Amino acid sequence: MRYSKVHIMQKERDPLNLGSLPLVAPPSDSWPMIRSALVKHQRRRRVIRYSGSLLAAAAMLTLTVGLFIHQPTLAPAPVAAPQTLDSLIVLSQQLETRVRSYRSEVGGMPTNSLVYQVELEDLIAQVDDELSMRPDSLELWSQRVNLLLDLSQLYQNQLRRDYQRMASL
Amino acid sequence: MANSPFEIELDDLTLARARRGDLDACERIFRKFNQPAYSVAYRVCQCRELAQEITQEAFITVFRKLGQFRGDAPFWGWLRRVVVNHAISSLRRAPKADPIELQDFHGKAESASDQVGLAMDLESALAVLGAQDRTIVWLHDVEGYNHREIADLFGKTESFSKTRLSRARSQLRDLLKSRESRGLSRNAAAS
């Protein structure tokens, strides 16, 4: 009884029995190509993370001064040492605001910058994922700030290029 | 109801290892799902090379974004969505090819292209459909997508999906019928 019910439902869903067609075998093995793309991606991620960590202190200092001088409205005069959790969270928020405003201003990006932008956004999403499990991790917040800093720099460069192009017209 | 060919169990350990970037675990996942992924890509684009390209891109995307997979739905469903999305965007990128109309097909078959007539089975009937119709009928009938999901994929309404499904099925039926009648007349002539 149950079988016939299932059979009728199946007949309704797939009246021509397309599901009976066999799976198609790929002409060649794609794994080596996928593997090499993943290895490259992992290497790039490692480079971004490690170089970010090494430059964290310097970047943080530059950023604090930069935000204070360049955009006083965005940077409410960070006074605490940048390596505390609270200051990292504040910096992260400020950078996010800055990135958002750049994003609305910037025009089309060249492909290589676009790829880099997607990479950075991917990494930020991954850090956010990990942060949802360890919200007090100083290391994760510091990574987030560094990635946002890279992203902000990418947009700044693009805006500079846009500006130069406009000026040359 | 028959299951989608994608519905393959994946153990948590392999998934967790792949999430951490373990390439052996990624390869295990690839080997498990490669054929269903390739098959659905092939059904959409009907081109072996393009289907392979789509499958590669989809697997790379999935492995790179595995950290974002929350695990609240089965892994195969997520992978299938990525493959189908890649396949549909490849359709959008591809130069528009007009689907072969039914009368064209009959014409070809009657005009000495006996081979086409003889090989006319479900597989080749499917290949005659336009890419969108073929994708819709495949996703609905084989992969179990509903009209809402199909409409979302194509950025259209549910009515669009229903109309195209019904058109695709009736085209397929006509093609199969014409093959059947040709087969019968050949048999009669032979006897």
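A residue counts as buried if 20 or more other C-beta atoms lie within 10 Å of its own. By that test, buried residues make up 20% of the 169 residues in chain A. For chain B, buried residues make up 35% of its 191 residues. The model is predicted. Chain A has six helices and zero strands, and chain B has 10 helices and zero strands.

**Chain A**
- Read along the sequence, the pattern of chain A is α-α-α-α-α-α.
- Among the contacts in chain A with a separation of 6 or more, 67% join residues 24 or more positions apart.

**Chain B**
- From the N terminus on, chain B runs α-α-α-α-α-α-α-α-α-α.
- Residues 24 or more positions apart account for 67% of the chain B contacts with a separation of 6 or more.

**Where the chains meet**
- Contacts link 33 residues of chain B with 28 residues of chain A.
- Five helices of chain B each supply at least two residues of the side that touches chain A: helix 2 (23–45), helix 3 (48–64), helix 7 (122–128), helix 8 (131–141) and helix 10 (158–190).
- Helix 2 of chain B gives the most to that side, with 10 residues.
- By type, the chain B residues that touch chain A divide into 17 nonpolar, nine polar and seven charged.

**Nonpolar cores**
- In soluble globular proteins, nonpolar side chains tend to be buried together.
- The largest nonpolar core has 45 residues. Within this core, the residues that touch the most other members are Ala37(B), Ala41(B), Leu79(B), Val83(B) and Ala87(B).
- Helix 2, helix 3, helix 4 (75–93), helix 7, helix 8 and helix 10 of chain B each give two or more residues to this core.
- Helix 2 of chain B gives the most to the core, with 12 residues.
- Domain 1 (12–93) and domain 2 (102–190) of chain B each provide at least three residues of this core.
- Ala37(B) is in contact with Thr55(B), Ala58(B), Leu79(B) and Val83(B), leaving aside its neighbours within four places in sequence.
- Another core, of 14 residues, lies apart from the largest one. Its members include Leu123(A), Val145(A), Leu149(A) and Tyr155(A).

**Helix 2 of chain B in brief**
- Helix 2 of chain B is the top contributor to the side that touches chain A.

How values were computed: Residues are numbered from 1 along each chain as its sequence is written. Chains are lettered from A and ligands numbered from 1 in the order in which they are written. This is a predicted model: local features need pLDDT of at least 70, side-chain atom pairs count only at pLDDT 80 or more; totals for chains, interfaces and linings use all residues. Two residues are in contact if their C-beta atoms, placed from the backbone, lie within 7 Å. Helices (H or I, at least four residues) and strands (E, at least two) are DSSP runs, numbered from the N terminus. Ala, Val, Leu, Ile, Met, Phe, Trp, Tyr, Cys and Pro count as nonpolar, Asp, Glu, Lys and Arg as charged, and the others, Gly among them, as polar. A residue is buried if 20 or more other C-beta atoms lie within 10 Å of its own, exposed if 12 or fewer, and partly exposed in between; C-beta atoms are placed from the backbone. A nonpolar core is a set of buried Ala, Val, Leu, Ile, Met, Phe, Trp, Tyr and Cys residues joined through C-beta atoms within 7 Å. Domain bounds come from an automatic or database domain assignment.
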